[in-house]
Amino acid sequence: MTAVSMLAYEELRIRIRPIGTSRYLVTANGPATATEVIAVNGEPAAFRDQWDRLISAELGLAPMGEQHTVAQLRGLGRAVFRLLFGERTPGAGAGAGFDVGLGSGPGSGEAERAGCRGERRHPGGVGACVGLALERAQRMRPARGLRIRFDVPEELRDLPLETLCAPPGQPQQSLALNHGYSLVRSLPGGPLGQRLPEPADEPSLIRLLVACASPVGAGLPPLRPDAEVAALRQELPEVAVQTTVLERATRKSLEAALGAHSPLPTALLLIAHGTYDHELGKGVVALETEGGGVDHVPADLLSGILLKAPGLRLVTLNLCSGADSSLAEPFSGLAQALIGGGVPAVVAMRGRVSDLSAGQFSPELFKGLAANRSIDEAMGAARRRISHLPGHTAVEWATPALFLHESCRQGWLFKAREVRDDGGAVADPLREGADALRAFQSPVGHVDSAVLIGAARFQRDLGQWAQVQRTLRAETRQFEDEQRRLRAEAAFELAWGSWRSCALCWRRSGRLTPSSSSSRPSVTRCPVRLRPASRRRWSGSGTSRGSPSGRGPPRGPGSGPRRSRGTRSCSPRTRRASGTRCPAWPRPATNST
């Protein structure tokens, strides 16, 4: 058969950092760039409570309310969008935004030399940046999707980012259901080791371990994963996936199965009861004892067990509350602990999930991976698979969350084997990128412009931003716009360390003045050498799987009750008078157009 081509993704990195009491710096960098300052008070907790009530109503565990749950979810998603990005459209003016120049910090000199011509901060703010970045990604040849990578502080991780919905006047609407978008939560973690594919790797089997635990006791109802497991066996091609099912999983059996030496890249699907134990302060999964009783395994211990597999690349936690953590212990959740231990990618559920949705989600996810799709594309297809299930829930598509290790910059986790009958070469973006870089670095022969841009993209995906700038010093005509944006993107990333230090200095000073000119109260004026941004528009039923329980801004150089259904629930400031600046704040650079 002829394989479906993989959809590659550009990446828009949205970073949010506290800079004062209830004030946060929001930056976006990638195919487009923007910065702004917002105010956040009790919204994250309120939005999370609203999400939990919405899911409870949808599962028949609470009153429905006056509005349909779909309308309530859309309203919640727009409220999250307004909080983070405001309501300005791409054509809005810049009265509420500010330009901040790059200066003498790391990479800032390169920013000036790169020129960043025509690549200014987008005047519509970060929200407009989301649409502009997708437009630019889809204009590439071949067209690409857009991964929005959220890097948020601990106190904002309760925000239901997966519900994000654009304002009524914008075409994107529910971003997570849009084929062009991928929503990702980025976390720092331990060394990845050999857990990512290399350019020289040959396609191989994916080793999939399906671990099921349904202990008796502690008020936990029995799980019925038979349909889910049967779908995995039936839908995953044996040429691509080696599936092993571990029933009645205990600590010992799980550790033995993962520790068994295998050269194959590994994925784990864990089907069990889960919860976040607020008293313990950790995420907990209910495995079985040798006698079939309940063995509550905390997140850090589970992470240690799973990391016995050196080739573990993906963990899917098909249980409730696998994505939850606490403010005081940000890596106390199951997903967070796994990323912290060095797993490249984790898919987890934010709150309760029904048996039906969970049982249809994972087969679709792994079917995409077996077809050589990236985790972004497979996640999107699986999310859409469980949206608006006939006779079932219409909002559970927003429950799964994708976590990526901060060093996992490309989403192709597995080079899966395929059956080919067209005789053509199989697309391998990693090998293609490495070959382009090798050709560019060769001392003999001319360099095609496609080779140049391919080498720069490969270095970008490796996080080698200084090399990206050096590679792109040679001008091209065919890729002129992308080349300019890549240089600007690299300059922004190289300067990020200085901006992060300045954000910390801002936070300590605690002297932010609310903007008097902005009609949006959540946008504030920056106290350090801000220049108003130009108004020019730049182009640029099941059973329950669980027991009930409570539960600076870098002026980036870039542009830019029904019947109850079963759940898997357990349950300095700058002293302007003296002319001094924050020591971490670089000297503003001259903006060029």
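The model is predicted, so local features need pLDDT of at least 70 and side-chain atom pairs count only at pLDDT 80 or more, while totals for chains, interfaces and linings use all residues. Residues are numbered from 1 along each chain as its sequence is written, and side-chain values use heavy atoms, with hydrogens and water left out.

**The sheet**

- An open sheet of 11 strands runs in the order β3-β2-β1-β5-β6-β15-β14-β13-β9-β7-β8, with mixed pairing; two strands pair if DSSP finds at least two bridges between them.
- Helices (H or I, at least four residues) and strands (E, at least two) are DSSP runs, numbered from the N terminus.
- The edges are formed by β3 (34–39) and β8 (241–246), each with a single partner strand, so one side of each lacks a neighbour in the sheet.
- Neighbouring strands of this sheet are turned by 20° against each other on average, direction ignored.
- Strand β7 (residues 206–212) runs parallel to strand β9 (residues 266–271), and six bridges join them.
- Cys-212 has Ile-271, in β9, as its bridge partner.

**Helices on the sheet**

- Helix α6 (residues 251–259) packs on the sheet and touches β7, β8 and β9; its direction makes about 180° with that of β7.
- Helix α9 (residues 355–370) also packs on the sheet, where the strands touched include β13 (312–318), β14 (345–349) and β15 (400–405); its direction makes about 160° with that of β13.
- Axes are lines fitted to C-alpha atoms, for helices over the stretch in contact (heavy atoms within 4.5 Å), and angles run from 0 to 180 degrees between N-to-C directions.

**Ring interactions**

- The structure holds one aromatic pair (ring centres of Phe, Tyr or Trp, the last by its six-membered ring, within 6.5 Å; planes under 30 degrees apart are stacked, over 60 edge-to-face and the rest tilted).
- The ring centres of Phe-81 and Phe-85 are 5.0 Å apart and the planes stand at 80°, so the pair is edge-to-face.
- Both residues lie in helix α2 (residues 69–85), four residues apart, about one turn of the helix.
- Phe-81 and Phe-85 are both buried (under 20% relative accessible area; exposed is over 50%, partly exposed in between; 1.4 Å probe, protein chains only).
- The charged end of Arg-15 sits over the ring of Trp-496, 4.7 Å from its centre (NZ of Lys or CZ of Arg within 6 Å of the ring centre and within 35 degrees of the ring normal).

**His-296**

- His-296, in strand β12 (residues 294–298), is partly exposed, with a relative accessible area of 48%.
- Leaving aside neighbours within four places in sequence, His-296 contacts Arg-251, Val-284, Val-285 and Ala-286.
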